[in-house]
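Let's take a walk through a protein chain together, one piece at a time.

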Amino acid sequence: MKIFSNIQAGHRGRSHSAFTFVEVMVAGAIYMVVFVGVIVAIQIFALRVYTLAATKLTATQGSRKAMNQIRDDIRQGKTLQVGNADNSGSFVAISPSNGAVGNALQVFYSTNGTATPPYSPPYSIYYLQTNTIGGVSSNNLMWLSVKTNATATYNLATYITNLDVFAAEDCYGNTISNNLKNNQVFTVKLQFYQWEYPIAVISTNSGANAYDYYQLRTKVCRRAID
């Protein structure tokens, strides 16, 4: 007599699917290639961001240094007048009947100096030197230092776009004539464009148009009133 006659023996040698060693190696190689590619891409992107930030910080630091020097000279100046100058630094003061807005500022450090041509040293002239290189404006802020025994010219900042760098205002913020009032407030405005990243190509201009625009502006009143 057979008990549990309907029970059948299980199948032996049932096959199970699995990855071969070669397949595992190929999948691992593909994963490593993708992983390394992502890491390299992130690294390159980080380097570009760092380059952009470093360029901007360097340009801003140099511009602020020039602005601080002009501010200190205005504060300790005895006589100041706004005018216009050519690329050689030849200064012409704006007449008292006109608005005191121009591309140059003359600062006398002593009451012994003469504020009318021919000017007597010591004095300084800050002026905008206009240049065009390859059709692109690249104006420079120059400092002409004139002393009794020496004359020197220095480049303080570059890539300036505006021409109305200096202005004289009264204490209420209204532009006034160049009449050497004691309550004058001198405005210094520098608007820049800075070439950010040489590899960045935005249009067909040979890639030389990846610029960042920014502005530095301050108002200063002289302290030594005579």
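With which residue does Lys189 form a salt bridge? The partner is Asp164, and the closest N and O atoms of the two are 2.9 Å apart. A salt bridge here is a side-chain nitrogen of Lys or Arg within 4 Å of a carboxyl oxygen of Asp or Glu. This pair links distant parts of the chain, since Lys189 sits in strand E11 and Asp164 in the loop between E9 and E10, 25 residues apart.

Before going on, a word about what you are looking at. This is a predicted model, in which local features need pLDDT of at least 70 and side-chain atom pairs count only at pLDDT 80 or more, while totals for chains, interfaces and linings use all residues. Residues are numbered from 1 along each chain as its sequence is written, and side-chain values use heavy atoms, with hydrogens and water left out.

Now step back to see the whole chain. Its secondary structure comes to one helix and twelve strands; helices (H or I, at least four residues) and strands (E, at least two) are DSSP runs, numbered from the N terminus. Of the 226 residues, 34% count as buried. Buried means under 20% relative accessible area, exposed means over 50%, and partly exposed is in between (1.4 Å probe, protein chains only). Contacts, which are heavy atoms within 4.5 Å, also tell a story about the fold. Among those with a separation of 6 or more, 54% are between residues 24 or more positions apart.

Let's return to Lys189, in strand E11 (residues 185-195). Is Lys189 buried or exposed? Lys189 counts as buried because its relative accessible area is 14%, whereas Asp164, at 35%, is partly exposed. Leaving aside neighbours within four places in sequence, Lys189 is in contact with Asn162, Asp164, Val165, Gln215, Leu216 and Arg217.

The count of salt bridges comes to three, so there are other pairs to visit. One joins Lys219 and Glu169, with the closest N and O atoms 3.2 Å apart. This pair, too, links distant parts of the chain: Lys219 is in strand E12 (residues 211-220) and Glu169 in strand E10, 50 residues apart. Lys219 is partly exposed at 48%, while Glu169 is buried at 8%. Another salt bridge brings together the side chains of Asp72 and Arg71, at 3.2 Å from N to O. Asp72 is partly exposed at 36%, and Arg71 is partly exposed at 26%.

Next, look inside. In soluble globular proteins, nonpolar side chains tend to be buried together. A nonpolar core is a set of buried Ala, Val, Leu, Ile, Met, Phe, Trp, Tyr and Cys residues joined through side-chain atoms within 4.5 Å. Which members of the largest core, with its 27 residues, touch the most other members? They are Ile74, Val82, Leu105 and Phe166. A second, separate core of eleven residues includes Tyr123, Ile125, Tyr127 and Met142. Beyond four places in sequence, the residues that Leu105 touches include Ile74, Val82, Phe91, Ile125 and Phe166.

Ala104 lies in strand E4 (residues 104-108). With 0% relative accessibility, Ala104 counts as buried. Apart from residues up to four places away, Ala104 touches several others, among them Val82, Phe91, Tyr127 and Phe166. Asn103 is found in the loop between strand E3 (101-102) and E4, and at 10% Asn103 is buried as well.

For another loop, find Thr161, between strand E9 (151-160) and strand E10 (166-169). Thr161 is partly exposed at 37%. Thr161 and Leu190 are 29 residues apart in sequence and 7.8 Å apart in space, C-alpha to C-alpha.

Finally, turn to helix H1 (residues 21-76), where you will find Val38. Val38 is partly exposed, at 43% relative accessibility. Together with Phe21, Val22, Met25, Val26, Ile30, Val34 and Ile42, Val38 makes a nonpolar surface patch of about 800 Å². Patches are made of residues with over 30% relative accessible area and no salt bridge, where like charges are joined within 9 Å and nonpolar side chains (Val, Leu, Ile, Met, Phe, Trp, Tyr) within 5 Å. Accessible areas come from the Shrake-Rupley method with a 1.4 Å probe, and for residues only the protein chains shown count as cover.
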